[in-house]
Amino acid sequence: MMKIEKAPVPLIVPNPDDPRLTERVTGTDQTGAAVEIRVPVERPLTLYLNAQEIVTMMTIGDYPEYLALGYLLNQNMLKYDDVVTEVEYHDDLDVVVVRTEHNTNFEAKLKKRTQTSGCAQGTAFGDLLEAVESVALPKAELRTSWLYQMTHTINTMPSLYLEAGAIHGCVLCKEGTPVCYTEDVGRHNAVDKIAGWIYRHGVDPADKILYTTGRLTSEMVIKTVRMGIPILVSRSGFTAWGVELARQVGLTLVGRTRGKRFIALSGQERIVFDQNLDYVEDESARNKRKGEARDD
């Protein structure tokens with residue numbers, strides 16, 4: 001059980017050695033030889049808001065409290081000024097319950113959903129577009145020196161992706177330094193964990209950068225704007241609607257960020273080109289991800 005109260009802000013980084021997050025599976029390789037590999041787990045987590053069941057998510061199972069809070073915030077079921085009295089996680093039941101000071105009822109809202117392009121169970125409810133249209137993102141800057149420091153640090157940190165693959169990561173950074181790095185089988189879960197972490201610890205998003213390993217889709221843009229983060233960066237590519245929404249709300253959108261390269265399609269006025277590219281290394285082959293060649 002976790003009470004919602006002031007607490008020190010923890011640094012969150014991947015823990016690929018956590019035995020709960022992966023399993024060893026035996027198989028056969030292309031030569032017919034026996035192999036054993038690690039694969040990420042998937043387990044269901046059912047979320048309740050007060051007495052109402054909201055959704056069952058498939059997740060690797062770490063940070064369920066952050067995931068629950070972030071999901072509700074990013075679906076506009078919870079506001080940043082709402083009072084959450086308790087978050088209760090039952091490991092034996094795979095259930096997390098968020099309790100608020102005020103009564104809630106989302107019966108009608110749960111019937112109106114738009115399936116998004118996120119893998120697994122990413123959904124956005126009908127009023128999310130209206131909710132982001134009124135958001136005024138803070139002024140901030142993105143120095144290219146921070147961008148290259150940030151991506152190099154993230155790509156070389158121990159992670160579940162490097163150990164087991166088949167997983168997405170999202171990283172909240174201040175300047176070039178990661179402060180909250182989450183992973184999950186779906187990028188929407190990873191970013192929801194960051195939203196819950198921001199809410200839980202009262203972190204100011206105005207001077208932060210959000211990095212994701214996944215595509216820059218409408219869903220990722222909406223979630224970033226909902227959190228009040230002015231800059232979204234990815235090593236992957238863009239969708240047309242993601243770019244259109246980013247331009248409408250003034251979000252800085254930077255994709256295909258690998259080695260020395262990146263492309264900005266929105267909010268370029270925030271970028272300060274202060275890095276000499278002669279001192280930036282190309283990306284190691286170890287950090288390349290499946291399918292990226294098609295994004296070049």
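Strand E15 (residues 252-258) and strand E16 (residues 261-266) run antiparallel to each other and pair over 4 bridges; strands are DSSP runs of at least two residues, numbered from the N terminus, and pairing takes at least two DSSP bridges. Val254 has Ala264 in E16 as its bridge partner. The hairpin of E15 and E16 has 2 residues between the strands, and there Gly259 adopts a positive phi near 60°.

## About the model

This is a predicted model, in which local features need pLDDT of at least 70 and side-chain atom pairs count only at pLDDT 80 or more, while totals for chains, interfaces and linings use all residues. Residues are numbered from 1 along each chain as its sequence is written, and side-chain values use heavy atoms, leaving out hydrogens and water.

Searching the whole structure gives 0 disulfides, a disulfide being a pair of cysteine sulfur atoms within 2.5 Å. Cys173 is in no disulfide either, with the sulfur of Cys180 as its nearest at 9.8 Å.

Cys170 is buried, at a relative accessible area of 0% (buried means under 20%, exposed over 50%, partly exposed in between, with a 1.4 Å probe and protein chains only). Cys173 is buried too, at 0%.

## Helix H4

Helix H4 (residues 144-156) has 13 residues and spans 18 Å from first to last C-alpha, close to the 18 Å expected at 1.5 Å a residue. Its buried residues include Trp146, Leu147 and Ile154.

How values were computed:
The expected span of a helix is 1.5 Å times one less than its number of residues.
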